[in-house]
Amino acid sequence: RESGAPTTTTPLFRAQMSESRPRKRGREGKDVPFDIESLNKFLGSEEELLRNKAKEILDGDLIAHATAAAALDARVSAFASYQEALDDGFVADLQKQLMAVFRMGVKLESWLNTYTPPLASGGNVGVSGEVQDGVYAHIHGLSAGCSEALHRMLGYEKEYAVQRTKCTDERTWQRFRGTLEANMLHDLGKTTLQMHADLLNVANSISNNLSHLRTAASEESKLAAMY
């Protein structure tokens, strides 16, 4: 074409250009918000129950479990062998205490999650969130430690039964038995000491930081006062 001549496009070219342009994807239907009023009411009632129960746990159960753990720690040092601790009923008492502390720990974790911001949810960053993460770590360490201790005790008992069945030479079995029972007794002392320390850590962490935790309602009222 000559310079300065008007530009013309054919119908076919215009059609090709329109097809090459990106098209917006349409939706067949619109998003309709769900009505979860019943769920919100249920969660509200559950959170209220958890908070009411938490006061009983913190002012009663936590103290009782810490006292019981200290008593178990004092008892375990008196045993010269694992069989002695087993015959005395200490092993059964320790297992019972570990189960009870584990259940208490899970309840405290549920209670702590009723505060805001929720853990790992990308909520508001502030003192409440940092404190919540720190206290939760102590509580979860307590409950996880109790569960792991119970599994270790089961593993030791299983190893004892398996090796007693496999060892045909009595001298070999007696040598292995002495080493195994020494480790089992050591684990009893480790478990009682760790459980007592974890209970005190949880108690101190909650006592020192409870005032910094905020509920969702208190956060909303604070924001309303700011604006």
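## The chain as a whole

The predicted model contains 7 helices and 0 strands, and the order of elements from the N terminus is accordingly written α-α-α-α-α-α-α. Of the 227 residues in the chain, 27% are buried, and the accessible surface amounts to about 15,600 Å², with carbon and sulfur atoms accounting for 55% of that area.

The contacts of the chain can also be sorted by how far apart their partners lie in sequence. When contacts between residues at least 6 apart in sequence are considered, 76% of them join residues that are at least 24 apart.

## Helix H2 and its buried residues

Helix H2 covers residues 37–76, and along its course there is a bend of about 45° at Ile57. Ile57 is also one of the buried residues of H2, which include Ala54, Leu58, Leu62, His65, Ala66, Ala69, Leu72 and Val76 as well.

Between the C-alpha atoms of Leu43 and Thr114 the distance in space is 9.4 Å, although the two residues stand 71 places apart in sequence.

## How H2 meets H6

Two packed helices are described by the angle between their axes and the distance between the axes. For H2 and H6, the axes come within 9 Å and cross at roughly 155°, and because angles over 145 degrees count as roughly antiparallel, these two helices are roughly antiparallel to each other. Their crossing is left-handed.

On the H2 side, the residues that meet H6 include Leu58, Leu62, His65, Ala66, Ala69 and Leu72, while their partners in H6 include Leu188, Gly189, Thr192, Leu193, Met195 and His196. Thr192, which is placed in helix H6, is buried, with a relative accessible area of 0%. Once neighbours within four places in sequence are set aside, Thr192 is in contact with Ala69, Leu72, Asp73, Val76, Phe90 and Leu94. Among these contacts, Ala69, Leu72, Asp73 and Val76 are in H2, whereas Phe90 and Leu94 are in H4.

## How H2 meets H4

The axes of H2 and H4 come within 10 Å and cross at roughly 155°, and the two helices are therefore roughly antiparallel to each other. Here, too, the crossing is left-handed. Among the H2 residues that take part are Leu50, Arg51, Ala54, Ile57, Asp61 and Arg75, and among those of H4 that they meet are Phe90, Asp93, Leu94, Gln97, Ala100 and Val101.

Arg75, which lies in helix H2, counts as partly exposed because its relative accessibility is 29%. If residues up to four places away in sequence are not counted, Arg75 touches Asp88, Gly89, Phe90 and Asp93.

## How H4 meets H6

The axes of H4 and H6 come within 11 Å and cross at roughly 25°, which makes H4 roughly parallel to H6. The contact between them is made by residues including Phe90, Val91, Leu94, Gln97 and Leu98 of H4, together with residues including Leu188, Thr191, Thr192 and Met195 of H6. This crossing is left-handed.

Which residues does Leu142 contact, apart from its neighbours within four places in sequence? Leu142 is found in helix H5, residues 127–166, and its contacts of this kind are Val101, Met104, Met195, Asp198, Leu199 and Val202. Of these, Val101 and Met104 are among the residues of H4 that take part in its contact with H6, and Met195, Leu199 and Val202 are among those on the H6 side.

Is Leu142 buried or exposed? With a relative accessibility of 1%, Leu142 counts as buried. The C-alpha atoms of Leu142 and Val101 are 8.0 Å apart in space, while the two residues are 41 apart in sequence.

Notes: Residues are numbered from 1 along each chain as its sequence is written. This is a predicted model: local features need pLDDT of at least 70, side-chain atom pairs count only at pLDDT 80 or more; totals for chains, interfaces and linings use all residues. Side-chain values use heavy atoms; hydrogens and water are left out. Helices (H or I, at least four residues) and strands (E, at least two) are DSSP runs, numbered from the N terminus. Buried means under 20% relative accessible area, exposed over 50%, partly exposed in between (1.4 Å probe, protein chains only). Contact means heavy atoms within 4.5 Å. Accessible areas come from the Shrake-Rupley method with a 1.4 Å probe; for residues, only the protein chains shown count as cover. The bend at a residue is the angle between axes fitted to the seven residues ending there and the seven starting there. Axes are lines fitted to C-alpha atoms, for helices over the stretch in contact, and angles run from 0 to 180 degrees between N-to-C directions. Angles under 35 degrees count as roughly parallel, over 145 as roughly antiparallel, 65 to 115 as roughly perpendicular and the rest as oblique. A crossing is left-handed if the near helix is turned anticlockwise from the far one by less than a right angle, and right-handed if clockwise.
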